[in-house]
Amino acid sequence: MNRRSPAAAAAEHSSKKNNATTMSSEIDKLEMQSLMIDTKDGSTTTIPSGNATPTSDAPPADFLSQALRFLFCFTGLQISYLTWGYVVSHVSLDYFFHRDNFRTP
Amino acid sequence: MQELIMTTTFEPTPGAPDGRFPSAAFCVFSNRFLAIIVAVIAVRVRRGAVFANNVAPLVAFAPCALSNTMSSWSQYASLRYVSFPVQTVFKSSKIIPVMMMGKLLKGTSYPLGKYVEAFFITVGVAVFSIASKSSDADTSTEIIGLLFMCMYVFFDCFTSQWQDKVYATYGRANVDPYQMMLGVNSTAILMTSAGLIVSGDIPKIIEFFHSNPTVLQYNVITAITSASGQLFIYTTIKEFGPIVFTVIMTTRQMISICISAILFGHAMTMKALAGAVIVFGVLFYQIRNDYLARQNRSRS
């Protein structure tokens with residue numbers, strides 16, 4: 001979509017009445033942009049408006065759901081590393097470790 | 001089954017007379033290669049384009065790709081010169097260096113209590129690991145080995161803290177683990193390829209694959225587990241930060257030994273048990289504090 005200045009948009013708004021809805025949505029978008037604030041490091045953050053749902057930047061303080069996510073990550077790491085360690089140490093793929101130095105429990 | 005796999009040896013080739021796979025670099029290369037394929041597909045599906053919709057530029061991932069390569073290189077280099085207990089102590093002592101690296105890279109300051117807790121976890125894991133693993137025919141520790149170990153810890157801590165910094169700088173909502181995976185592996189594969197070309201391993205590898213086509217399947221399995229491991233690493237760092245990640249990685253083996261001891265009724269030595277009690281005590285204490293703090297926050 002091409003971006004127009006508010007003045008041009010307003011001028012067109014008076015001449016083309018059947019385009020009114022698309023115009024107002026574009027003006028809305030222009031207004032929305034002022035809500036985007038540039039932070040020091042160049043990333044943009046949006047000021048949360050009344051009914052906005054929180055993004056993952058601020059996780060909800062639900063202890064159980066976080067515990068479950070933690071368990072998921074932990075199990076995932078365990079399974080990946082156990083399988084990896086198994087393949088590397090038990091198959092003759094000694095290229096990673098010198099076998100005399102690598103022991104499995 | 002295990003005996004069968006353990007006795008698997010490959011057809012010797014002139015480039016690899018002992019029947020062992022001739023190149024470590026190639027295994028790293030194949031891991032990186034599969035990781036890139038997985039990441040490209042995932043990023044394409046989730047973001048609509050492979051590179052166009054990335055908030056974080058590729059360069060942002062280069063430092064941790066470099067430090068990642070350096071940390072694994074120095075770890076393998078150290079193995080010849082460091083005794084097993086020294087290795088164990090270094091590997092379990094990463095939590096405090098990670099905290100210090102966080103202060104250095106991101107200016108995060110941790111209260112003294114956190115350092116004390118980290119210290120106790122370190123001691124517990126070290127005691128447990130030394131007590132529960134046997135070490136036969138040990139290598140003696142040399143100064144160069146300690147130097148390699150220090151390098152390994154330094155680069156490892158840098159890697160996880162830098163990844164967290166990328167998430168923090170570009171917004172956790174804007175960078176997902178797949179993009180992290182793509183960024184890190186694209187840079188790392190360049191270094192690995194350069195290493196492969198410089199070392200002149202390529203003809204040896206082709207020759208080895210030619211006489212041992214089955215070795216490819218092991219390569220694929222390690223690449224798959226490496227890719228899934230990476231995804232969980234990036235997810236854990238994103239969701240819980242580098243310190244929790246490091247705690248998981250240092251207590252990982254201890255926890256699996258404990259679980260199997262409970263499940264199969266293996267006996268554990270008193271020393272190992274004491275180590276485990278310290279670690280689980282501190283972890284439980286931390287979780288309890290975190291829980292209470294959350295409750296207070298939601299109440300006020």
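Student: Which residue just after α5(B) takes a positive phi?
Tutor: That's B:Gly107, with a phi of about 70°. Keep in mind that this is a predicted model.

Student: OK, and how many residues does helix α5 of chain B have?
Tutor: It has 12, residues 95-106. From first C-alpha to last, α5(B) reaches 16 Å, close to the 16 Å expected at 1.5 Å a residue.

Student: Which residues of α5(B) are buried?
Tutor: B:Ile95, B:Val98, B:Met99, B:Met101 and B:Gly102. They sit on the same side of α5(B), because they cover an arc of only 160° around the axis.

Student: And what's exposed on the other side?
Tutor: B:Lys103 and B:Leu104 are exposed there.

Student: What do the buried ones pack against?
Tutor: The buried residues of α5(B) pack against α6, α7 and α10 of chain B.

Student: Switching to α3(B): which helices do its buried residues pack against?
Tutor: α7 and α8 of chain B. Among the buried residues of α3(B) are B:Cys64, B:Asn68 and B:Gln75.

Student: Last topic, confidence. Where in chain B is it lowest, and where highest?
Tutor: Lowest in helix α1 (residues 2-6), at a mean pLDDT of 39, and highest in α5(B), at 95. Over residues 1-7 of chain B the pLDDT is below 50, and beyond near neighbours in sequence that stretch has 4 contacts in the model.

Student: What does chain B average?
Tutor: A pLDDT of 87, with 93% of the residues scoring at least 70. The model itself scores ipTM 0.82 and pTM 0.75.

How values were computed: Residues numbered from 1 in each chain as written. Chains lettered and ligands numbered in written order. Predicted model: local features only at pLDDT ≥ 70, side-chain atom pairs only at ≥ 80, totals over all residues. Helix = DSSP H or I, 4+ residues; strand = E, 2+ residues; numbered from the N terminus. Expected span 1.5 Å × (residues − 1). Buried ≥ 20, exposed ≤ 12 C-beta atoms within 10 Å, placed from the backbone. Arc of directions from axis to C-beta. Contact = placed C-beta atoms within 7 Å. pLDDT = per-residue confidence, 0-100.
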